[in-house]
Amino acid sequence: MVDEEQAGEVADATPERKSRKPLVIAVSVLLLALGIGGYAWQSRQSVPGKAGKSTPKIAQAELYLPLDPAFVVNFRDAESLRYLQVGVTLMSHDPAAIEVAKAADPVIRDALVALFSNQDFAIIGDAAGRQKLQADALTAVRKIVKARLGRPGVDALYFTSFVMQ
């Protein structure tokens, strides 16, 4: 009898083990629902064309137009007659501006020849003078393109060669 009583006490002393399976399933379903909801919210935020939302513009490729042949101009220095040879290339992200610049090549070349031939040797012999000349040339080209296209269109003007003698 003692054994039966002890066995009954031992049986009563061990708690019933509850299954954790429903808890694990509930947490998994909750995490899955949160993940799907977050994904849906994020994808709605990045939809292009929504009112009030600005989308970043994708930059177009750079287009280059070399103005060949290189410009060769004479100009007078205090000591002697000098010449300048400058290779020029235009850069734009606007294909229409490149087409306008191609069509206006004689006008652009005339404006640049006039600009280059009116330079002082001492000024353009310096790096700062060349940068100013480059900025002035870009301004002249933009003015011509803007008169034909309605917008400047040309983003940069590069000197691909620069020889003074």
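**Ground rules.** I worked with a predicted model, in which local features need pLDDT of at least 70 and side-chain atom pairs count only at pLDDT 80 or more, while totals for chains, interfaces and linings use all residues. I kept the numbering that starts from 1 along each chain as its sequence is written, and I took side-chain values from heavy atoms, with hydrogens and water left out.

**Entry 1, salt bridges.** I looked up how many salt bridges the structure holds, taking as a salt bridge a side-chain nitrogen of Lys or Arg within 4 Å of a carboxyl oxygen of Asp or Glu, and I found three.

For helices (H or I, at least four residues) and strands (E, at least two) I used DSSP runs, numbered from the N terminus. For accessibility I call a residue buried under 20% relative accessible area, exposed over 50%, and partly exposed in between, with a 1.4 Å probe and protein chains only. On that scale R151 is partly exposed at 38%, whereas D94 is buried at 16%.

**Entry 3, E99 and K102.** I then turned to helix α3, where E99 and K102 both lie, three residues apart, or about one turn of the helix. Their side chains meet in a salt bridge with an N to O distance of 3.6 Å. E99 is partly exposed at 47% relative accessibility, and K102 is partly exposed at 45%.

**Entry 4, D136 and K132.** In helix α6 I found D136 and K132 four residues apart, which is about one turn of the helix, and their side chains form a salt bridge at 2.9 Å, N to O. Here D136 is partly exposed, with a relative accessible area of 29%, while K132 counts as exposed at 51%.

Is R82 buried or exposed? I located R82 in strand β2, which covers residues 81–92, and recorded it as buried, with a relative accessible area of 17%. Taking contact to mean heavy atoms within 4.5 Å, and not counting residues up to four places away in sequence, I listed V73, N74, F75, D77, F121 and Q165 as the residues that R82 touches.
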